[in-house]
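Colleague: I would like to learn how to read helix packing and pockets in a model. Can we take one feature at a time?

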Amino acid sequence: MELINWLKRNFRKNIIKQPWLDYYDEKEQKIKFSDKTIYQYLEDTVKENQELIALNYFGHKISYQELFKEINKVSKSLHALGVRQKDVVTICLPNIPEAVICFYAINKIGAIADFIHPLAAPLEIKKYLNDSKSRILLTTDFNFKKIDSIIKDTHIYRTIMISVSNSMPLLTSIGYYLTKGIKIKQSYLWKNNYMSWIDFIYMGIDYNTSMTNTMKSKDTALILHSGGTTGTPKGILISNFSFNALAQQGALNVSKVEPRDKIMTILPIFHGFGAGVCLHCPLCLKVEVILMPEYNAKRFYHILKKEKPQIIAGVPTLWEKILSNKIFEKVDLASLKYVISGGDYLSLALEESMNTFLKNRNASISITKGYGMTESVAATSFTYKGTNEPGSIGIPMIGNKFCICKPGTIERLPFNKEGEICVTGPTLMQKYLNNKKETKNVLKKHLDGKTWLHTGDLGYIHSSGVIYFTQRLKRVIVSSGFNIYPAQIESVIRMHPKVENCCVIGIDHPYKIKVAKAYILLKNKEKITGVTKKEIKTLCEQNLAKYALPKEYTFVDELPTTIYGKVDYKKLEEENK
């Protein structure tokens, strides 16, 4: 009897009060999430408006009708190469039309798209390919040397090489070739396991074998990559259902958006924020997606001036770059309906500066904010309908629930009490790839019977339902919107035979916000030499993405420790303030 009473008391404690639902009307609260695949959902939502523009790449505009034709071509070519349902195909590309086309084509035939950062280090790419057992790789020609150095040690049997200039208008393509393309070696053309994009497309033209796809909405559709709360690189399995649910949630939260509106997509689509918020959601809303493969201030300005987009989504680093560049002083932003910030915490000072910037350039809006993790596809909360309080991260997107737990436990804390932010809802990942232990660490079943994502971030929920992020519980450095995990860098540096220990922290940077700095302790108090330093830097370059490389390498005689004998990284952080 005592056990039953205890369970009743604790069950009541775990019933989540949801004051944020007051911000949603009755119709919004009854949202039904799609049971289609990603491709089917896109096709279904735009079928009556295929004449509209889907993609805009350096002024080359692709309608939905043309997009679906290209998707069909690529799906046939993939099938001709032997790709079948549940096979893994890796996309290692920047924001170019081919990356978008391949993503939907892979889904159309029931295969799984594995997204990899094109600037990832060779050994990092090898690990991702082997973890997923991917058989086909789609990447850029400028990546050839890097890919060729590791491809023989993977399961890949065919690599399709794509130039970022393929879909550019003719004059832009010529300009690219003369400035950058001419430097790219085409030696892959003479290797049997490589194929050009043109040859790949031709392969499917006369291919007429029927393609059977029985993929379900709850099946795995894509693999994204993150370090989670521990910093160890992991593949994150996302279902069709979760990815489509984010698009449906996002559509509700950007209610002012209309067909033919335009979004500037500079956030990389191999990132959850880029793929979900800046690609799939707007395409399903019949919004023209302006693809930018990299940030360039002049091009960014010219797009703002010529295209007059209604939506810009970015990370705090982007706002810093805009505010610090005089080219944007006279730009007119009256067309904007939403400026969405995510990927990292937006400081109060930067939020205020951006709002002043927008107001002074005829925009009638304030910057809106979202919060999420790759493990939940991307955004899980949004500053919706009057919840855009300074410093807040909004309210849960419809269908989601938030709670605050005592760190390291599933014990719920009351409103206005700081603890670990936990999320449940339709967009949660399925699991980490080949990593049951880490999956169990972040996906935990609470007393309400639901599975909750423990984010490793601290915050609190106001009694109004508005959520506030306060600090990170996990060790992570966010640089230009990318997560850098100190533990990953430290494990690489420790691979050097002369290194006894090391500690990596984040230090301030003028426009990247934070970058990594490595403190290194050598064995037997050896003296640092130019050769040793170069070897350590080379080791990092081989194993880490460019954005994760330490900006500074400092060699020390000792590392500070806590009373428990662990390296005191917080003390090093204090010394760098």
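Modeller: Start with the axes. Each axis is a line fitted to C-alpha atoms, for helices over the stretch in contact, and angles run from 0 to 180 degrees between N-to-C directions. Keep in mind that this is a predicted model.

Colleague: What describes a pair of packed helices?

Modeller: Two packed helices are described by the angle between their axes and the distance between the axes. Take helix α10 (residues 240-253) and helix α11 (residues 272-284) here. Their axes are 9 Å apart, and the packing angle is about 70°.

Colleague: How are α10 and α11 oriented to each other?

Modeller: Angles of 65 to 115 degrees count as roughly perpendicular. α10 and α11 are therefore roughly perpendicular to each other.

Colleague: Which residues of α10 and α11 meet?

Modeller: α10 brings F243, N244, L246, A247, G250 and A251. α11 answers with A275, G276, V277, H280 and C281. By class, this contact has seven nonpolar and four polar residues, with no charged ones.

Colleague: At what angle do the axes of α16 and α17 cross?

Modeller: Helix α16 (residues 486-493) and helix α17 (residues 530-543) cross at roughly 125°, and their axes come within 9 Å. Q488, V492 and I493 of α16 make the contact with I536, L539, C540 and N543 of α17. The classes are five nonpolar, two polar and no charged residues.

Colleague: Now the pockets. What is the volume of the largest pocket?

Modeller: Its volume is about 1,600 Å³. The lining of the largest pocket has 50 residues, and H117, L119, P293, E294 and Y295 lie nearest the centre. At least two lining residues come from each of α7 (144-148), α8 (170-179), α13 (316-324), β24 (482-484) and β26 (513-522). By class, the lining of the largest pocket splits into 26 nonpolar, 13 polar and eleven charged residues.

Colleague: How much space lies in the second largest pocket?

Modeller: About 920 Å³. The second largest pocket is lined by 30 residues, with Q471, R472, V476, K514 and E573 closest to its centre.

Colleague: Which element gives the most to the lining of the second largest pocket?

Modeller: β25 does, with five residues. Other elements that each supply at least two include α13, β26 and α18 (569-575). The lining of the second largest pocket has 15 nonpolar, five polar and ten charged residues.

Key:
Residues numbered from 1 in each chain as written. Predicted model: local features only at pLDDT ≥ 70, side-chain atom pairs only at ≥ 80, totals over all residues. Heavy atoms only, no water. Helix = DSSP H or I, 4+ residues; strand = E, 2+ residues; numbered from the N terminus. Contact = heavy atoms within 4.5 Å. Nonpolar A, V, L, I, M, F, W, Y, C, P; charged D, E, K, R; others polar. 1 Å grid on protein atoms, 1.4 Å probe; cavity = no way out; pocket = protein on both sides within 12 Å on 5 of 7 lines; lining within 4 Å. Points joined across faces, edges and corners; volume = space filled by probe spheres on them. Parallel < 35°, antiparallel > 145°, perpendicular 65-115°, else oblique.
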